[in-house]
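Visitor: I would like to learn how to read the features of a model like this one. Please show it first.

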Amino acid sequence: MIRDGRNNTNHSDENRKARDAALRLLGLCDRSKKDLKERLLRKGYSGVAAEKVVDEMESLGYIDDRRYAERFASDAVNRKDAGPQMIISGLRKKGVASEIIDDVLGKVFNDYTQTDIARNALSRRLRKGGVTPDRDEMKRLSDYLRRKGFSYDIIKEVLKGIEQYDDIV
């Protein structure tokens, strides 16, 4: 039986190109396993090649969903004043496992209280607008915090403070 070496060469060439593409993508920013695989597939690499390269990147320590989730959550809190629901949603979209999400949220919200993060978000929002909050504005602020991923209990607590013009602005 004669083997055609071209097919094997094509696979190794595709794997090499996929590996190079993965390294370029990881050079731009940290990524989850799912995100890296999806991006390789979108670039036209086969599922087999993408999976192989993702596994290789993980074994080399170039991708790590836990590390990715920790950075994502920390950045979301520090840069966007995100609440837990917003972080959970973002990590789920990136394919991070639920156990990792739960662990990371526990760590992040041990370092920061949700109330302080929500107050900070409102403080930024009120500095931009400079409007005295009436009933309609309070509703808008509540909706804003809800979109940021905060629970109704946290929103209620923070808005109670703004009605008295405590802590905010």
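Predicted model: local features only at pLDDT ≥ 70, side-chain atom pairs only at ≥ 80, totals over all residues.

Visitor: Is Asp-81 buried or exposed?
Guide: Buried means under 20% relative accessible area, exposed over 50%, and partly exposed in between, with a 1.4 Å probe and protein chains only. Asp-81 has 3% relative accessibility and counts as buried, while Arg-124, at 33%, counts as partly exposed.

Visitor: How many salt bridges does the rule give?
Guide: The count comes to 18. One of them joins Asp-116 and Arg-119 at 3.9 Å, N to O; both residues lie in helix α7, 3 residues apart, about one turn of the helix. Asp-116 is partly exposed at 46% relative accessibility. Lys-139 and Asp-143 meet at 2.9 Å, N to O, and they sit 4 residues apart in helix α8 (residues 135-147), again about one helical turn. Asp-143 has a relative accessible area of 29%, which is partly exposed. Salt bridges also link Asp-13, Arg-16, Lys-17 and Asp-20 in a network.

Visitor: How many helices and strands does the protein chain have?
Guide: Helices (H or I, at least four residues) and strands (E, at least two) are DSSP runs, numbered from the N terminus. The protein chain has 9 helices and 0 strands. Of its 169 residues, 38% count as buried.

Visitor: What span does helix α4 reach from its first C-alpha to its last?
Guide: The expected span of a helix is 1.5 Å times one less than its number of residues. Helix α4 (residues 65-80) has 16 residues and reaches 21 Å, close to the 22 Å expected. At its start, a side-chain oxygen of Asp-64 comes to within 3.1 Å of the backbone nitrogen of Arg-66.

Visitor: Which residues of α4 are buried?
Guide: They are Asp-65, Tyr-68, Ala-69, Ala-73, Ala-76 and Val-77. Seen down the axis of α4, these buried residues fall within an arc of 155° (taken from the directions from the helix axis to the C-beta atoms), so they line one face of the helix.

Visitor: Which residues does Pro-84 touch, beyond those up to four places away in sequence?
Guide: Contact means heavy atoms within 4.5 Å. Pro-84 touches Leu-105, Phe-109, Gln-114, Gly-149 and Phe-150 when residues up to four places away in sequence are not counted. Pro-84 lies in helix α5 (residues 84-93) and is buried at 13% relative accessibility. Across the whole protein chain, among contacts between residues at least 6 apart in sequence, 64% join residues at least 24 apart.

Methods
Residues numbered from 1 in each chain as written. Heavy atoms only, no water. Polar contact = N/O pair within 3.5 Å; in protein donor to acceptor, adjacent residues only side chain to side chain. Salt bridge = Lys/Arg side-chain N within 4 Å of Asp/Glu carboxyl O.
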